[in-house]
Amino acid sequence: MYRLRAPADARVLDLVHDLLARFWTDHAGMPLGHRARFDTAVAEIAANVVEHTRAVAALTLEIRGLPDRVEAALEDDGEPVVVDLDDVRMPPAGHERGRGLALARAAVDDVRYERRGDANHWYLALRRPDG
Amino acid sequence: MTEFHTETTPAGIGIVRPTGRLNMVSAPRLRSVIGHLVEAGTVRVVLDLSETESMDSSGLGAIVAGLKTARQAGGDLRIAAAGPQVLAVLDLTKLTRVLRPRPDVASAFDSV
């Protein structure tokens, strides 16, 4: 099981990278470019939760490998997030902020957000090249 | 904790080498390090990413800010020796053509 649950502050970002590294150690076979894109998207969503989600205390991350794809699920107990992922655009080159969600969407095949009960749920998936 | 090593070459080029991750924790320090170099008159800056484990959008924002700071002072900022994850972020954010990553520090200011 590749799972972590930790306080949703900046220190969790190192734990996210550590969990991803452990996951890839046990799931060789994904091209390095795909790993980089998946890691990038997961780290962006985690950072987005830490930086922008209001009243969040804890963050949970689960990663799993399936025959045709890798998936990450992030859950937090913060206030609902107001976002339309279909409306997210990459900012122009000179902008210093606002790329996080656009980068996550560009990096993997699927990014979804859902409010269920009292929790925010983020789902990410990246297909294997032969999947 | 990401660390920043800074040096200035005899040619007056500032080299900043972050060791660790460029993210929301370290990005403000990167902005500050580049800002101080430029304020002190070192307006040509190379960001040596050979020891950078990963970069997220906050780290990228700090690089964009550093680029603007250096250019406003009449200089420039170049990035060198980036690994695959950083190059992927540049590609996905369509900033490869703006930041034009160089293979190594030595050649970063060879051609404009």
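Student: How many salt bridges are there across the interface of chain A and chain B?
Tutor: The rule finds three across that interface. Keep in mind that this is a predicted model.

Student: Which side chain meets Lys68(B) in a salt bridge?
Tutor: That of Glu96(A), with 2.9 Å from N to O.

Student: And how many residue pairs are in polar contact between chain A and chain B?
Tutor: Six, counting pairs with both residues at pLDDT 80 or more.

Student: Which elements give two or more residues to the side of chain A that touches chain B?
Tutor: They are α1 (12-26), α2 (32-52) and α3 (100-107) of chain A. The most comes from α2(A), which gives seven residues. By class, that side of chain A has 10 nonpolar, five polar and seven charged residues.

Student: What about the area the two chains bury?
Tutor: About 1800 Å² between them, with 63% of it on carbon and sulfur atoms. Chain A puts 22 residues into the contact, and chain B puts in 22 residues.

Student: New topic: Asp56(B). Where is it?
Tutor: Asp56(B) sits in the loop between β4 (52-55) and α2 (57-72) of chain B.

Student: Buried or exposed?
Tutor: Asp56(B) is buried, yet has no salt bridge. Arg21(B) is the nearest side chain of opposite charge, and it is 9.1 Å away.

Student: So what lies 2.9 Å from a polar atom of the Asp56(B) side chain?
Tutor: The backbone nitrogen of Ser58(B).

Student: What is Asp56(B) in contact with, leaving aside neighbours within four places in sequence?
Tutor: Glu44(A) and Ala47(A) from chain A, plus Leu22(B), Asn23(B) and Met24(B) from chain B.

Conventions:
Residues are numbered from 1 along each chain as its sequence is written. Chains are lettered from A and ligands numbered from 1 in the order in which they are written. This is a predicted model: local features need pLDDT of at least 70, side-chain atom pairs count only at pLDDT 80 or more; totals for chains, interfaces and linings use all residues. Side-chain values use heavy atoms; hydrogens and water are left out. Contact means heavy atoms within 4.5 Å. Buried area is the accessible area (1.4 Å probe) that two parts lose on being put together, summed over both. A salt bridge is a side-chain nitrogen of Lys or Arg within 4 Å of a carboxyl oxygen of Asp or Glu. A polar contact is a pair of N or O atoms within 3.5 Å; within protein, one must be able to donate a hydrogen and the other to accept it, and residues adjacent in sequence count only if both atoms are side-chain atoms. Helices (H or I, at least four residues) and strands (E, at least two) are DSSP runs, numbered from the N terminus. Ala, Val, Leu, Ile, Met, Phe, Trp, Tyr, Cys and Pro count as nonpolar, Asp, Glu, Lys and Arg as charged, and the others, Gly among them, as polar. Buried means under 20% relative accessible area, exposed over 50%, partly exposed in between (1.4 Å probe, protein chains only). Lys and Arg count as positive and Asp and Glu as negative; His and the chain ends are not counted.
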